[in-house]
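Student: Please show me how to read a model with several chains.
Tutor: Look at the structure, then ask about one feature at a time.

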Amino acid sequence: MSVVADGSRALAPMPDDAARSQIRRRSRIRLYELVIWFLAVAAIIVLPSKMLILTEIAILALFAVSLDLVLGFAGIVSLGHTAFFGLGAYVAGLFARHYFAEPVAGLILAGAASGLLGFATSFLVLRGSDLTRLMTTLGIALMLGELANQMGWLTGGADGLSGFSLDPILGLFEFDLWGRNGYIYCLAVLFTSTMIARRIAYSPFGLSLKAIKTNPMRAAMVGVPARRRIIIVYTVAAVMAGFSGALLTQTTSFVSPDVLAFHRSADVLLVLVIGGTGYLYGGILGAIGFTLLRDWLSVVTPQYWMFWIGLLLIILVLVGRDRLAGWMQYLPGRLAQSRSSRS
Amino acid sequence: MLTILFDGIAYGMLLFILACGLTITLGLMNFINLAHGAFAMTGGYVTVVMMNRYGLSFYWCLPAAFFVSAALGAILERTLYRRLYQASHLDQVLFSVGLVFMAVAAADYVMGGQQQLIQLPPELSGRTEIIGIGIGRYRLFTIVVCAFLAMGLQLILSKTRFGSRLRAAVDDRRVAMGLGINVPVVFALTFAFGSGLAGLGGAMGAEILGLDPNFPLKFMIYFLIVVAVGGTSTVSGPFLAAILLGIADVAGKYYVPAIGPFVIYGLMILMLIVRPNGLFARGGAR
Amino acid sequence: MLSRRIFIAAAGAVLGALGTLPAYAQEVVKIGLILPMTGPFASTGRQVEAGVKAYMAINGDTAGGKKIEVVLRDDAGTADQTRRIAQELVVNDGVSMLMGFGLTPLAMSVAPVLNQAKIPAIITSATTSAIMKQSEYFVRTSMGGPQSALPVATWAVENGLKRVVTLVTDYGPGHDIEKGFVDQYKKEGGEIVESVRVPLQNPDFAPFLQRVRDAKPDAVFVFVPSGVGSLFMKQFVERGLADAGIKLIATGDVTDDDLLNGIGEAAKGVITGHFYSADHDSPENKAFVEEVRKSNNGMRPNFMSVGGYDAMHLAYMALEKSGGDTDGTKLVEAMKGAEWTSPRGPIMIDPQTRDIVQDIYIREVKEVDGELYNVEFTKYEKIRAPNSAQ
């Protein structure tokens, strides 16, 4: 994608203010972003009966955005991102059960715990090939899953952790049966996190990450400390994945070892790749598309919906996902202008 | 004690036979084929259908499983996989996961969701005591077949003309084509062979590992572990890795059941940290 | 200005919609059936669905003057999906009852929804004792915890099996059954040599069976989920445990009717205790088995299927009793203490625990007309779910 080329060009020697203005131009908020967020908020009023599935989408989107930081910006293929998601989910659940059932506090704690795990495991993804990283991350997630299953006294084992209910958010808004407040809460967290991710991604720091991804050797030669940058972004991504796990726990008042299962890592990877990597909104769009499609198919054909999803994936790959991810090019008028002014 | 060792080796051998096809596609052709288990499942179902519906002997089912899976592999290679050799790893993952999903749903539709079971011929079932070690006959059979297979594979790759052509085609496609090697055919044959091996593994594994439509998803992780730990550039690497993992898994579950499930994952991470490119990495080939 | 007006209008519409929700279910009573139709536990879903459909085929689709409509949804065995689907069925589809739940965590995750929405849920498959405490709106037609294991313990002691190793799958129902069996067995004066637990995701039973063999007990008591149960059986024989003089006693999950023929010779002579066998001799069962076979390609119903069948029966009974009133609390009240003759035999819903009270049969696998069946030879009457007694 052209974005990648931009990233490496930014490292070429150029006058200071030119670089600065380029970064500023890239980081400007675009119209399509406003449209997405506007629609997300409008859904609260327009689609009151769809709050639950929207909540699920928001959680999956946050998870995918966090994976995008790792995959799309740092270039680490991870099949075990759910380790952080699951840890966040469990921490939030245990915290609500044993100490304090206010959601925001649990959310922050869950993020912190996941971030810590992310920091600790980031050293393992620094070396090796794609396959090695794939397997290391996968292994960590699987071990955590086993751990959750084995430590029945703490996590409830395979039966899951239940029997807790969350207090109203900040003591004001209760989780209702229609899931309206839950959705608003998740959307708020998604928005905040995406904005933070965006700030990181379009900062010089984010550009240096793209440089590392595109060509590690050249990046090292112009003096980018690759190791430290990868550790930092991996940790940040882990925090966000922890947030999304905590949101899942808090909106469902239930955690089971399933949050650490392999299929979750695979799903989020699919979601992200469908939506397109490397520009953050891919995760959000992918989550919307994937969840709605799966929900629709599983109503139409409860037994065999996997077949159609599979077929779709294959077609997607054969047609070329780049063409789909480049959807912005086909948008008319001002949208296209804002993009062309950038490149 | 020795029985445990024996069981571990048998289990490891089974893992190897299932995963070695993946070693070929992943290691030699550099294609991340997560749908490998789907070919194994095909082999398993071929066996089940032949034995249970047509009453054919188990020994005929094994080659049949191999050839049906290989044929399926060849067809898919020609029509679909071929287009993706040059694609990114992500595309390959996405594509093969799609294929797995389709295979799972299709198997469910055609064969039903329940476990499929087969009846082994009497000479393979049961168990024999040899100098105090209990030997399961079927497990012994598995070990023998796999050992031959591993040796044969190693010989084909290192000694035959086809093997050297394949390695040439992998190392530098353009030069190989320039030398008159028909790369697409070599790749197609290799892919078919790898799929056939998976089919054979599925057929042999049906007795011990079970067979249901979820097979490709359930065992995908195990295949990947074997290949990742063993490294992707040789046959002996995954072979040793599979046996090691098999023994560790069985022994771990026997002696320390409480932490049994962790052993295989822990070992994998440990080995990946110590040797990130696999047990026998071919130094700097790629 | 305009936007505010739209907002108010929209909000009004929403409130209006919410207000009309209860009135939605006037002529038709909807029942939400949530099952794992895909994933590792798909066969559970398939069986329960077959049972539900068989009931409606035999008994028609009206109860209490209302037309019954079943809405089937797949949760793929994932707890958060179950919860979302349950919530959506309640809020959007206006179902009056929920039904299904293939596994313990799936049922657990729904409890908060039930408590909030005050809607009854009939559990057709999940068996853990702990579920029933999560909500006053759970009623169960499958089995309560170690219900089937207790008579097996009693039977084992009565028949001279004094030293037993237990082998269960390491998850909720497994722990439940292990505890139930061990307590009962010790009470009867038997000795537990060892308790082995097998991980849920476990491809090979070899190490565990070897452990059992090396402990040299009189018998091994086994509980594993039905799909892997058949694999277990084969490996049990292969390892020569039977030749080493170790008897296999189990709950009926191991000799699942659905898979019994596939296990073949190996299964013959195995003693199990369970609440349902397709071989049960009663007119109700004959009709049931025939209907399921007819509409499912010759599939034999198993204990999951009968759970679905009885769940429907209970739902119909409750609606008849309430005169078609779909108020959740009234429906649960109507279900308490219900008694009827199911294809499995006489059963009752315990008014205190809302759990099922049923006869447990001790069966032996035998060949009947060229097919293998669990042939019942003794029964222990009116067994209560021990752990969920409050």
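**Reading the chains**

Tutor: In chain C, the centres of domain 1 and domain 2, taken over C-alpha atoms, are 28 Å apart. This is a predicted model, in which local features need pLDDT of at least 70, side-chain atom pairs count only at pLDDT 80 or more, and totals for chains, interfaces and linings use all residues. Residues are numbered from 1 along each chain as its sequence is written, while chains are lettered from A and ligands numbered from 1 in the order in which they are written.

Student: Which residues make up domain 1 and domain 2 of chain C?

Tutor: Domain bounds come from an automatic or database domain assignment. Here domain 1 of chain C is 22-143 + 282-354, and domain 2 of chain C is 146-274 + 360-383.

Student: How many residues of domain 1 of chain C are in contact with domain 2 of chain C?

Tutor: Two residues are in contact if their C-beta atoms, placed from the backbone, lie within 7 Å. Eleven residues of domain 1 of chain C meet eleven residues of domain 2 of chain C in this way. The domain 1 side of that contact has three nonpolar, seven polar and one charged residues. For these classes, Ala, Val, Leu, Ile, Met, Phe, Trp, Tyr, Cys and Pro count as nonpolar, Asp, Glu, Lys and Arg as charged, and the others, Gly among them, as polar.

Student: How many helices and strands does chain A have?

Tutor: Helices (H or I, at least four residues) and strands (E, at least two) are DSSP runs, numbered from the N terminus. Chain A has 17 helices and zero strands.

Student: What percentage of the residues of chain A count as buried?

Tutor: A residue is buried if 20 or more other C-beta atoms lie within 10 Å of its own, exposed if 12 or fewer, and partly exposed in between, with C-beta atoms placed from the backbone. Of the 343 residues in chain A, 52% are buried.

Student: How many residues do chain A and chain B bring to their contact?

Tutor: Chain A brings 30 residues and chain B brings 33 residues. On the chain A side, α7 (130-150), α13 (262-275) and α15 (305-319) each supply at least two residues. The most come from α7(A), with ten residues. By class, the chain A side has 20 nonpolar, seven polar and three charged residues.

Student: How far apart are the end C-alpha atoms of residues 268-292 of chain A?

Tutor: They are 14 Å apart, and the span is 80% helix and 0% strand. For residues 104-126 of chain A, the end C-alpha atoms lie 33 Å apart, with 83% helix and 0% strand.
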